[in-house]
Amino acid sequence: MGCLQTKHASRSPHLLDTWEAVALAAETSCEKVDLPDFVNVATGTLLTVSEVEALHELFRKISNSIIKDNLIHKEEFHLALFRNKKKQNLFVDRVFDLFDQKRNGVIEFGEFVRSLSVFHLDAPEEQKVAFAFKLYDLRQTGFIERHELKEMVLALLDESDLDIASDAVEMIVDRTFDQADTKGDGKIDQEEWTAYAKDNPYVLRNMTLPYLKDITMVFPSFVMHSEISETDMAV
């Protein structure tokens, strides 16, 4: 990555203990990043430390695309997905809100990684189902109501640049609600949504990003210059 090596760089990280290896990597990194955070961020996710490092490169690019503060703002999120910071879309807004776990209007690196972990190919289905339920539960009432489902269907169609007649949209919403609302109380709860997703796997189609499993191949130059191996980071 064009970084200057320190006087310790010639020593193999495998000859150092974990914290010396961390210090070495920090000294030889182009970015002033507290590398132990990579370990902490990876904890509890399906991502390896190397994959988290690679995601940091992606995060750095998105979070400095408009406002250079290493935080992802909503307009930067829209820009990354649409190449247009001014385009508004309810689906993207909801994803941003769920990534913004602290609800402070920006996405920090830890939030970015933990949220993306749900989209990992090997993430448990129940995590994906729960995340999708929160997407559709626009008012955060613990239920999905018909008007919320319709709003999200329209947003997904818009995000996909699909133009479908309004009566066809109504048909989609009615059919989905009739199948999912098994209790017949005019709303879909978490239990009903879980059962519906199990019977209709396409509901979770957008809940998996296959490239996350090979993220180190997306940013190979970043990982090739990493000074820490997974063995070194084992505690």
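I began with helices α5 (90-99) and α8 (146-159), and I noted that their axes come within 7 Å and cross at roughly 105°. For the axes I kept in mind that they are lines fitted to C-alpha atoms, for helices over the stretch in contact, and that angles run from 0 to 180 degrees between N-to-C directions.

I then listed the contact, meaning heavy atoms within 4.5 Å: Leu90, Phe91 and Arg94 of α5 meet Glu151, Met152, Ala155, Leu156 and Glu159 of α8. These divide into five nonpolar, no polar and three charged residues, where Ala, Val, Leu, Ile, Met, Phe, Trp, Tyr, Cys and Pro count as nonpolar, Asp, Glu, Lys and Arg as charged, and the others, Gly among them, as polar.

I reminded myself that this is a predicted model, in which local features need pLDDT of at least 70 and side-chain atom pairs count only at pLDDT 80 or more, while totals for chains, interfaces and linings use all residues. Residues are numbered from 1 along each chain as its sequence is written, and side-chain values use heavy atoms, with hydrogens and water left out.

Next I looked up α8 with α9 (residues 166-180), whose axes come within 10 Å and cross at roughly 130°. That angle makes α8 oblique to α9. On the α8 side I found Arg146, Leu149, Lys150, Val153, Leu154 and Leu157, and among their partners in α9 are Val169, Ile172 and Phe177. By class, this contact has eight nonpolar, one polar and four charged residues.

I turned to the pockets, a pocket being an open set of points on a 1 Å grid over the protein atoms alone, where a 1.4 Å probe fits, with protein on both sides within 12 Å along at least five of seven lines, and lining residues having an atom within 4 Å of a point. The largest pocket holds about 560 Å³ of space. It is lined by 23 residues, with Tyr136, Val153, Leu156, Tyr202 and Arg205 closest to its centre. Helix α8 gives the most to this lining, with six residues.

My last entry is the second largest pocket, with a volume of about 460 Å³. Phe77, Leu81, Val95, Leu116 and Leu209 lie nearest its centre among 18 lining residues, and α5 contributes the most, with four.

Notes: Helices (H or I, at least four residues) and strands (E, at least two) are DSSP runs, numbered from the N terminus. Angles under 35 degrees count as roughly parallel, over 145 as roughly antiparallel, 65 to 115 as roughly perpendicular and the rest as oblique. Grid points are joined across faces, edges and corners, and a volume is the space filled by probe spheres set on the points.
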